[in-house]
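Me: I'm new to this one, could you walk me through some of its side-chain contacts?

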Amino acid sequence: MMLRSVHLPLGFGVSPLLRCLPRFSDLASLPAVASCSWSRISASPDGLPLDVPYSRQHGVFRAFRMSSGGPGTSPDVDAALESAVAQPAIQMPKICFCHSCGNPTKQVIPDGEKKIRPVCVVCGKIHYQNPKMVVGCLVEHNDKVLLCKRKIEPSYGLWTLPAGFLEIGESAAEGAARETLEEACAEVEVLSPFAQLDIPRIGQSYIIFRARLKTPHFSPGPESLKCALFALDDIPFDSLAFSSIIVTLKMYIEDTKSGNLKFHYCTINKRPGASPSDPGGFVVDQRLHS
């Protein structure tokens, strides 16, 4: 399954994985819910509308401290909301109804926790929203790398490494090989992990593996317009789909030219207002390698 929502706000969490252990002995023990005033922002930092409590401080979106729901509100709620003011806005899907029983949820702080989470008002189930894992292959062949031109949005017509969301029941390496088969009709042998790239703001973590073709055959899958091998000096950096792909390929070129392939870890932070494919629209932090 090719990435259909990479770097798009709210596109990464259609069905977040949930942990289902109830944390309340009864509904009466639910903390009081904080109330807040919601405003419609014309666009999120990535350009799409977003309903969030917000303020402009030092050029970034920050949450206003929400007022308590009344004199009986738990002080823990106010404390958590106070700490939330210092955190950059993270784009998360809003869970309004329980995935188990279909009843409404409320935003509360479960017992023993510090974060506000959606909790069912009937069955008490806590809905945890977790990052998505993306896996893919950097396929090497005759000193070239395999790229796919996307046939779907986002970033239709731009080039990318074959990659997509990890499926339940497969390892990261298996998922990367499957994505390569789906998008480039190429059977590959996974060699080693090359890079892990975290993008906290959109809740995605990438693992890119080095791989090689088992046979010199590839062709566009149903979600690719075309596939091609590129020499390192010919990689179309002005037509790459995502920041994660730009960073991965630049690190690979550096390693190849130095004659020392390493494993890399880094965090990618988006600049406010930058488009997903803007080469200058992100900053790479916490770069480590071994």
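Reply: What follows is a short chat about cysteines and salt bridges. This is a predicted model, in which local features need pLDDT of at least 70, side-chain atom pairs count only at pLDDT 80 or more, and totals for chains, interfaces and linings use all residues. Residues are numbered from 1 along each chain as its sequence is written, and side-chain values use heavy atoms, with hydrogens and water left out.

Me: ok, how many disulfides are there?

Reply: Taking a disulfide as a pair of cysteine sulfur atoms within 2.5 Å, the count is 0. Cysteine 98 is in none, since the nearest cysteine sulfur, that of cysteine 123, lies 3.7 Å away.

Me: switching topic, how many salt bridges?

Reply: The structure has 8 salt bridges, each being a side-chain nitrogen of Lys or Arg within 4 Å of a carboxyl oxygen of Asp or Glu. One of them pairs glutamate 189 with arginine 212, at 3.0 Å from N to O. This pair links distant parts of the chain, 23 residues apart, with glutamate 189 in strand β11 (residues 188-199) and arginine 212 in strand β12 (residues 204-213); strands here are DSSP runs (E, at least two residues), numbered from the N terminus.

Notes:
Helix = DSSP H or I, 4+ residues; strand = E, 2+ residues; numbered from the N terminus.
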